[in-house]
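Here is a short note for a reader who has not seen this model before. Please keep the structure open while going through the points.

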Amino acid sequence: MTKLKMCGLWREEDIACANALIPDYIGFVFAPSPRQVSKEQAKYLKSLLHPQIQAVGVFVDMDLGQIIKLVESGVIDVIQLHDSHLRESESEEIFDQREAKIHFLRSRVKAQIFKAIATTSVRAILIQEQSLADMLLLDNAKGGSGEQFDWEYIQQAREQGFKRDFFLAGGINASNLSKAISFKPYGIDLSKGIESNRHKDCQKMREIADRTRLF
């Protein structure tokens, strides 16, 4: 069954809806965003979250020590790393720098680590085959924007030997959900696609949850 991650939850009512639907993951955004939460907010919201749902902390260039504290204090269960310097094709140098962060976090905490990729080319996917991350998250170059990248890159990368599991993100909503799942991701990640007027819409969340469980 395709896993479901609902990202950018920041209100009590968002958590209440998630608790009723039991997605596999929800996301707390700690990076600058309309959906950003403070450490205190995240701690409170996590206390309300159904224990069956894993909380993912979404970070952009955050101090690794702060991330470790959030894991150790039980505020988050999974680390999702973005990078403000993501570019069209991640150079070997940038790849090594990002992998060094993952290596350091792995040495300190047992939490799973998701690595977000700016999927602007087939090469952007292929270079990640040897990543230390537990899971890749294929997104557009503007994470959280709700914009879709060219999903055909996924099939083209597979034809060239890409075998990693991944979450698919970026512009997924009820109208293109079936198409997104046809690329056989491990899971799908939605934020704007389950919102109305910049707030999480429980009806949209329910529709996505019900339809995802058909696959």
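The points below go from the barrel to its aromatic rings and then to one serine.

1. Basis. This is a predicted model, in which local features need pLDDT of at least 70 and side-chain atom pairs count only at pLDDT 80 or more, while totals for chains, interfaces and linings use all residues. Residues are numbered from 1 along each chain as its sequence is written, and side-chain values use heavy atoms, with hydrogens and water left out.

2. Barrel. Eight strands close into a barrel, with parallel pairing in the order S1-S2-S3-S4-S5-S6-S7-S8. From one strand to the next, the twist averages 25° (axes are lines fitted to C-alpha atoms, and angles run from 0 to 180 degrees between N-to-C directions). Strands are DSSP runs of E with at least two residues, helices are runs of H or I with at least four, and both are numbered from the N terminus. Two strands pair if DSSP finds at least two bridges between them.

3. Strands S7 and S8. S7 pairs with S8 (residues 187–190) in the parallel sense, over three bridges. Opposite glycine 187 in S8 stands phenylalanine 167.

4. Aromatic pairs. The whole structure holds seven aromatic pairs (ring centres of Phe, Tyr or Trp, the last by its six-membered ring, within 6.5 Å; planes under 30 degrees apart are stacked, over 60 edge-to-face, the rest tilted). One of them is the tilted pair of phenylalanine 114 and phenylalanine 167, at 5.3 Å centre to centre and 35° between the planes. Phenylalanine 114 is in strand S5 (residues 112–118) and phenylalanine 167 in strand S7 (residues 166–169), so the pair ties together parts 53 residues apart in sequence.

5. Phenylalanine 114 counts as buried because its relative accessibility is 1% (buried is under 20% relative accessible area, exposed over 50%, partly exposed in between, with a 1.4 Å probe and protein chains only). Phenylalanine 167 is buried too, at 0%. Tyr25, Phe114, Phe167 and Tyr186 form one aromatic cluster.

6. Serine 131. Where is serine 131 placed? Serine 131 is in the loop between helix H5 (122–126) and strand S6 (135–139). Serine 131 counts as buried because its relative accessibility is 8%. Its side chain makes a polar contact of 2.7 Å with the side chain of glutamate 99 (N or O atoms within 3.5 Å; within protein, one able to donate a hydrogen and the other to accept it, and sequence-adjacent residues counting only if both atoms are side-chain atoms).
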